[in-house]
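Hi everyone, thanks for coming. I'd like to walk you through one structure today, so let me put it on the screen.

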Amino acid sequence: MPMISTARHGDVLVVTVDNPPVNALGTAVRRAIGEAVTSAQADAGIVATVIGGAGKLFSGGADITEFGKPGGEPGLPELCDAVEASAKPVIAALHGTCFGGGLELPLSCHGRVAAPSARLGLPEVKLGLLPGAGGTQRLPRLVGVARALDMIVSGDPIGADAALAAGLVDRVVPEAELLAGAVAFARDAAARGAPRRTGEREAQGGVAAVDAFTAAKGRALGGRDAPAACIRAVRGAVELPLADGLAQERRLFVDLLGGAQSKALRHAFFAERAANKIEGLPADAKPLKVERVGIVGAGTMGGGIAMTFLSAGIPVTMVERERGALDRGVALIRSNYERSAKRGRFTPDEVEAAMGRLTPVLEFDALHDCDLVIEAAFELLEVKTEIFGRLDRICRPGAILASNTSYLDIDAIAAATSRPGSVLGMHFFSPANVMKLLEVVRGARTEPAVLATAMALAKRLGKVAVVSGVCHGFIGNRMLNPRQAQANALILEGAAPEDVDRVMLEFGMPMGPFQMADLAGLDLGWTAETSKGETVRDILCERGRRGQKTGKGFYDYDVDRRRTPSDEVKAVIAEVAARQGVARRTIGDDEIRERLLYSMVNEGAKILDEGIAQRASDIDVVWINGYGWPATTGGPMFWAESVGFDRVAAGLARHRDRLGDAGEPSPRLLSRSA
Ligand code: 3H9
């Protein structure tokens, strides 16, 4: 299959990259572009070249699947240098995604014309890399050091208008006129004489801008190798001649590419894409249309889920039993939107448009015309089966009924309806409008098209979806349970809650188990009537220490929610340990880390043994996107592999007596460790 096509538009050669799905700049593409640019130089009938992309985008950048393999010639850096050196102008025609090498190639061109759909960015940092084909040298020379650092270190793209304002593109033309606009621009450039080369410019802002950026942002970048390397490379753009800056960029890129962090982040990238693929789904399982969504429950979860749909332009009917709860739910949605608008994430018009798509109601009957209804009511099976029975009677045949349950049996819920094939779990993570993960729970009878609909919808919502089978807690919470059990055991045995949390923070988790408990509320699922006063949690709740919302839980909190360890909690822990006859001892960080993380990995392996997750990398996607597991370690299963399954198995055996059921090794883990 030809990976580029060429056509003459009079005296301008048009090269179109045509390498679906993302016009990646693999070896064959690079070679073809290089040959086309060379041939244009030798052709007296050609005055300039335009490079564009076929389909929906210009290019997603270098072909990531080629990383770590012997590179074919020319490499992307050499191609960019050759394009920049061309004696006749080369102009980029940009639309859709222009990422990574898909922006570095345009940066080495002598002009850039963009359509409004263009999104320009250097996301390499998200793969643990830096732009390694001249991006760190040419972008600062084009848009100035400050702007370039923002783009390179965040990895976030900018739109066509912002790119025009920044000087990154020379002209924005209507979508339909992109090719003609670029050809005309190329012809004008040729008429002006020698091409304008980005590499010959000076980067505005100088070292002062690098230092200012480091002072402002440096601390927030801790723990990751790539951002620091990005900053160092950009500094080269102001301190070194182009050739030396490029050489330094190259060295830094190669170092990052060989490092553990980039390997893990690239694993995470492909894991996310693999998660989208459902094993055994017939090819004719096409997604059903979803034009209106119903949500049962206007609490924190229901409201967050509603926002997710409203922001994606999908109308929502939200039902609650009582007027007060409904009004509070609507007010919370509005205040969340307004807070986001203050931070610049939405314009006031967008907030009003989103709120305009929301229909709050008190009658279930109003859900009759919804294509999908998501139940986000109280987490009790009886409550859910009653609701699903009602939904089944009200909703049109074929409408999908989903539960946001985080633990309960989807098959039991489906059995309360006459349409178990249309029932599945859609487990959002709190706050649902922010967290990227969606666990799609496939019931025993969920129809393929219903599953395909949920997966396609996740993409529309900007979520990362992972399919899970039915079990208590599905993939994520099921693995959280042994970790929490170990955390609880460790504090009785002598570790302080703050030490357990610290070990997890040092590992790279956004928070430790006790911080998380305080944030969620210790009284989640606890009632004074049923409390036995036996566990640490029971006693803390009885004493009004119910977490951050009450100003104290495992920690004491000040008005700014800063936490300090509590002597009262330590006394409670010692009291419970004494009552249970648990001997207290000094516990080292290694034991804390191993017991918390190895027990999770073991549970993950059991999840695979039972076929609950389709593949190990799906578990990684769940933990990175739902619980903030550090992506630089690739997720729990990738991390276990890099630690060595034999070490994990040996650790489980070492702590066997203290781990209870969580220590029973999974057959898969044992076979991998052998
Ligand atoms: C770079 O450029 C390095 C240089 O600085 C230096 C080099 C020396 N390569 O995401 P999707 C596949 S680093 C290979 O579902 P979307 C992806 O795996 C690169 N494959 O589509 C999937 O395959 P499958 C910097 C790639 O429309 C399919 O394409 N660039 C690449 O939602 C569809 O992907 C980046 O970091 C690639 N570069 O989003 C961009 N990209 O169907 C990374 C995608 O088999 N890519 N695939 O599962 C993205 O951000 C998104 O994929 C993109 C499309 C926005 C392009």
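How far apart do the C-alpha centres of domain 1 and domain 3 lie? The answer is 51 Å. Please keep in mind that this is a predicted model.

Domain 1 covers 4-258, domain 2 runs over 293-473, and domain 3 takes in 496-580. There is also a UniProt annotation to look at: an unreviewed entry places the feature "domain: 3-hydroxyacyl-CoA dehydrogenase NAD binding" at residues 293-468. That span is 41% helix and 20% strand, and its end C-alpha atoms are 22 Å apart.

Now the whole protein. We have 28 helices and 19 strands here. The radius of gyration is 28 Å, close to the 26 Å from the globule rule for 674 residues, so the protein is as compact as a globular protein of that length. Along the principal axes, the C-alpha trace spans about 90 × 60 × 50 Å. Of the 674 residues, 49% are buried. As for contacts with a separation of 6 or more, 72% come from residues 24 or more positions apart.

And then the ligand. Which residues are the closest to it? Those are G60, G61, A62, G100 and G101, out of 25 residues that surround the ligand. The elements giving two or more residues to this shell are α2 (76-85), β5 (97-99), α3 (101-108) and α11 (260-275). By class, the shell holds 13 nonpolar, eight polar and four charged residues.

That's my tour, and I'm happy to go back to any part of it.

Note on methods:
Residues numbered from 1 in each chain as written. Predicted model: local features only at pLDDT ≥ 70, side-chain atom pairs only at ≥ 80, totals over all residues. Domains from an automatic or database assignment. UniProt positions renumbered as here; feature names shortened; annotations may be inferred. Helix = DSSP H or I, 4+ residues; strand = E, 2+ residues; numbered from the N terminus. Near = placed C-beta within 6 Å. Nonpolar A, V, L, I, M, F, W, Y, C, P; charged D, E, K, R; others polar. Rg over C-alpha atoms; globule rule 2.2 N^0.38 Å. Buried ≥ 20, exposed ≤ 12 C-beta atoms within 10 Å, placed from the backbone. Contact = placed C-beta atoms within 7 Å.
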